[in-house]
Amino acid sequence: MLRISDHICNELQNAKIFIKKLELNDRKEILDLIQKKYINSNKKGKWLWENFFQYEALNDAMSWCYIKDFVKDNECIMFFNQDEEKEMFLIKSGNDLNFILSETYGFEFYVTDKQGSYLLCLNHHNILYGCGKAKGWISNLRSTLELR
């Protein structure tokens with residue numbers, strides 16, 4: 001079975017997209033930060049998104065393509081459910097992330113920044129979750145889409 005990180009790297013072989021695999025210590029720091037800020041440790045769901053607290057959510061089949069509008073020109077970190085894939089990728093911008101997502105498929109993922117100021121997650125139900133700074137953005141996005 002192809003690992004998520006292999007799938008991503010294979011798709012990017014001929015693209016001019018900058019990604020960097022994070023070292024083990026950096027991955028641990030990010031996960032610890034996310035756990036402290038956004039995860040209810042009293043819940044026992046299998047996936048991180050099942051244990052979020054203080055979040056907003058949007059159910060939309062195309063929700064993955066909105067993420068670039070939040071990340072914009074900033075670096076972001078993409079990671080996955082840890083029982084499926086341990087690698088984390090530093091990605092240069094929202095547009096680069098969008099390219100990666102448009103060329104790959106079939107996995108849940110999380111996006112944050114180095115400070116953990118937000119957390120976005122797209123799960124296998126096409127639900128986009130936003131925590132921290134992304135919470136209000138998801139709420140506004142949902143309102144905007146409902147007006148269409």
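Biologist: I have the structure open. Where does Phe109 lie?

Modeller: Phe109 belongs to strand 5, which covers residues 109-112. Remember as we go that this is a predicted model.

Biologist: Is Phe109 buried or exposed?

Modeller: Burial is judged from relative accessible area, and under 20% counts as buried. Phe109 has a value of 3%, so it is buried.

Biologist: Which residues is Phe109 in contact with, beyond its neighbours within four places in sequence?

Modeller: Its contacts are Ile67, Met78, Phe79, Phe80, Leu101, Leu120, Cys121 and Leu122. For a sense of scale, take Met62, which is 47 residues from Phe109 along the chain. The C-alpha atoms of Met62 and Phe109 are separated by 15 Å.

Biologist: How should I read the two faces of a strand?

Modeller: Here is the general idea: in a regular strand, side chains alternate between the two faces of the sheet. Now look at strand 5. Phe109 and Val111 are on one side, Tyr110 and Thr112 are on the other, and all of them are buried, so both faces are covered.

Biologist: Which way do the residues of strand 3 point?

Modeller: In strand 3 (residues 76-79), Cys76 and Met78 point one way, while Ile77 and Phe79 point the other way. All are buried.

Biologist: Which strands are joined to strand 3, and by how many bridges?

Modeller: Strand 4 (residues 89-91) is joined to strand 3 by 3 bridges, and the two run antiparallel. Strand 5 is also antiparallel to strand 3, again with 3 bridges. Cys76 stands opposite Ile91 in strand 4. Towards strand 5, Ile77 is opposite Thr112, and Phe79 is opposite Tyr110.

Biologist: How many bridges join strand 5 to strand 6?

Modeller: There are 4, and strands 5 and 6 run antiparallel. Thr112 has Leu119 of strand 6 opposite it. The hairpin made by these strands has 5 residues between them, and Gly116 takes a positive phi near 65 degrees there.

Biologist: Let me move to the loop between strand 3 and strand 4. Is Glu85 buried or exposed there?

Modeller: Glu85 sits in that loop, and with a relative accessible area of 3% it is buried. Its side chain reaches the backbone nitrogen of Glu87 at 3.1 Å. Not counting residues up to four places away in sequence, Glu85 touches Arg3, Ile4, Ser5 and Phe80.

Biologist: And what about Glu87?

Modeller: Glu87 lies in the loop between strand 3 and strand 4. Its relative accessible area is 15%, so Glu87 is buried. Leaving aside neighbours within four places, its contacts include Arg3, Ser5, Lys21 and Arg27.

Biologist: How do I read a pair of aromatic rings?

Modeller: Such a pair is described by the distance of the centres and the angle of the planes. In this structure the count comes to 12 aromatic pairs. Take Phe52 and Tyr55: their ring centres are 6.3 Å apart and their planes are at 55 degrees, so the pair is tilted. Phe52 counts as buried at 1% relative accessibility, whereas Tyr55, at 37%, counts as partly exposed. Phe107 and Phe109 form an edge-to-face pair, 6.2 Å centre to centre with 65 degrees between the planes. Both Phe107 and Phe109 are buried.

Biologist: Which residues do ring pairs link into a cluster?

Modeller: The cluster links Trp47, Trp49, Phe52, Tyr55, Phe79, Tyr110 and Tyr129.

Biologist: Last one: what span should helix 5 have?

Modeller: At 1.5 Å a residue, the 15 residues of helix 5 (residues 133-147) should span 21 Å. The end C-alpha atoms are 23 Å apart, which agrees.

Biologist: Which residues of helix 5 are buried?

Modeller: They are Ala134, Trp137, Ile138, Leu141 and Leu145. These residues cover an arc of only 100 degrees around the axis, which puts them on the same side of helix 5. They pack against strand 2 (55-59), helix 3 (67-71), strand 6 (118-122) and strand 7 (127-132). On the face turned away from that buried side, helix 5 carries the exposed residues Asn140, Glu146 and Leu147.

Note on methods
Residues numbered from 1 in each chain as written. Predicted model: local features only at pLDDT ≥ 70, side-chain atom pairs only at ≥ 80, totals over all residues. Heavy atoms only, no water. Buried < 20%, exposed > 50% of the residue type's maximum accessible area, 1.4 Å probe, protein only. Contact = heavy atoms within 4.5 Å. Phe/Tyr/Trp six-rings, centres within 6.5 Å; stacked < 30°, edge-to-face > 60°. Expected span 1.5 Å × (residues − 1). Arc of directions from axis to C-beta. Pairing = 2+ DSSP bridges. Polar contact = N/O pair within 3.5 Å; in protein donor to acceptor, adjacent residues only side chain to side chain.
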